[in-house]
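This report is for a reader who is new to the structure shown below.

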Amino acid sequence: MENKVMELKHVNVYYREGRKKKQVLEDISFSVYEGEIVGLAGESGSGKSTLCKCALGLLKEYDGEILHYTKRPQMIFQDPYKSLNPRKKVGWILEEPLKLERKYIKTQRREAVEEMLSKVHLPEEFYDKYPRELSGGQRQRISIALALLTGTKLILADEPLSALDVTVQAQMIRLLRELQEKERIAYLFVSHDLDVISMLCSRVLFLKDRKVTEYENL
Ligand SMILES: Nc1ncnc2c1ncn2[C@@H]1O[C@H](COP(=O)(O)OP(=O)(O)OP(=O)(O)O)[C@@H](O)[C@H]1O
């Protein structure tokens, strides 16, 4: 088997409701391996987003173990517009994770960003554009580029195709696959759409009644 990028062991997740604790996920255990796409499905309210937030370390009320074997995963959303700072140009936004690392000087940051733009098939000129000047699909490419610039090998994708029209969805699927193959990126891919899941994913985690059942995609 490939290298693990993330592993959850017997994770229980709760939300507080006043003084009470409500359990949303129960005894969740699974691993994600380098370069694979794992589907995460289940009815609305079954806990898909909660599971992603917990894996990102955003929730405090949980027990069990969440192990990251590479850099922390990054999340991409249905509507990338909300997660991109509207007052900053794409270049500034994409340089942020590199500034935090402090190992690049300005010209190296720009080079790294331009290289990443080309990996997500956007031209260099996008460096000087604002998010509002981009289409939904282009913005989704920027949020993928932003995730990858942190150096992570795992992207948690929460319904990343739902806001896009069918042709753009197909382009996005091609890009996700290409990054999976060339860069060995793994995805936890949240979707209501079982057709997309069966086309993209090697395994599916199905959430129901707080628990997860895992299926191989044959
Ligand atoms: N901040 C919160 N406080 C309390 N309960 C919450 C909170 N966020 C979510 N929940 C509850 O936890 C359960 C799981 O919600 P979650 O958003 O993870 O489901 P989901 O599967 O992602 O749903 P959808 O497909 O509609 O996005 C739901 O019952 C929801 O009402």
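## Terms and source

A residue is called buried under 20% relative accessible area, exposed over 50%, and partly exposed in between, with a 1.4 Å probe and protein chains only. This is a predicted model, in which local features need pLDDT of at least 70 and side-chain atom pairs count only at pLDDT 80 or more, while totals for chains, interfaces and linings use all residues. Residues are numbered from 1 along each chain as its sequence is written, and side-chain values use heavy atoms, with hydrogens and water left out.

Helices (H or I, at least four residues) and strands (E, at least two) are DSSP runs, numbered from the N terminus.

## Residues with positive phi

Most residues other than glycine have a negative phi. H121, in the loop between α3 (106-119) and α4 (136-149), has a positive phi near 60 degrees. With 45% relative accessibility, H121 is partly exposed.

R184 also has a positive phi near 60 degrees. R184 sits in the loop between α5 and β7 (186-190) and is partly exposed at 29%.

Contact (heavy atoms within 4.5 Å) joins 13 residues of domain 1 with 13 residues of domain 2.

Buried area is the accessible area (1.4 Å probe) that two parts lose on being put together, summed over both. Between the two domains this is about 1,100 Å², with 66% from carbon and sulfur atoms. K71, M172 and L175 supply 38% of the area that domain 1 buries against domain 2, more than any other three residues. Two salt bridges cross the interface, a salt bridge being a side-chain nitrogen of Lys or Arg within 4 Å of a carboxyl oxygen of Asp or Glu. On the side of domain 1 that touches domain 2, helix α5 (residues 166-183) gives the most, with eight residues.

## Salt bridges

How many salt bridges does a search of the whole structure find? The search finds 17. In one of these, the side chains of K211 and E26 meet at 3.5 Å, N to O. K211 lies in strand β9 (residues 211-216) and E26 in strand β2, so the pair ties together parts that are 185 residues apart in sequence. K211 is partly exposed at 41%, and E26 is partly exposed at 22%. E26, R210 and K211 are linked in a network of salt bridges.

E96 and K99 form a salt bridge with the closest N and O atoms 3.3 Å apart; both are in helix α2 (residues 90-101), three residues apart, about one turn of the helix. R110 and E114 meet in a salt bridge at 2.9 Å, N to O, and both lie in helix α3, four residues apart.

## A covered helix and a buried glutamate

Helix α1 (residues 48-56) is mostly covered, with seven of its nine residues buried. Among them are K48, L51 and C54. Just after α1, G57 takes a positive phi of about 85 degrees.

E36 lies in the loop between β2 (20-33) and β3 (37-42). Is E36 buried or exposed? E36 is buried, at 10% relative accessible area. Beyond its neighbours within four places in sequence, E36 has contacts including S31, Q180, Y187 and R203.
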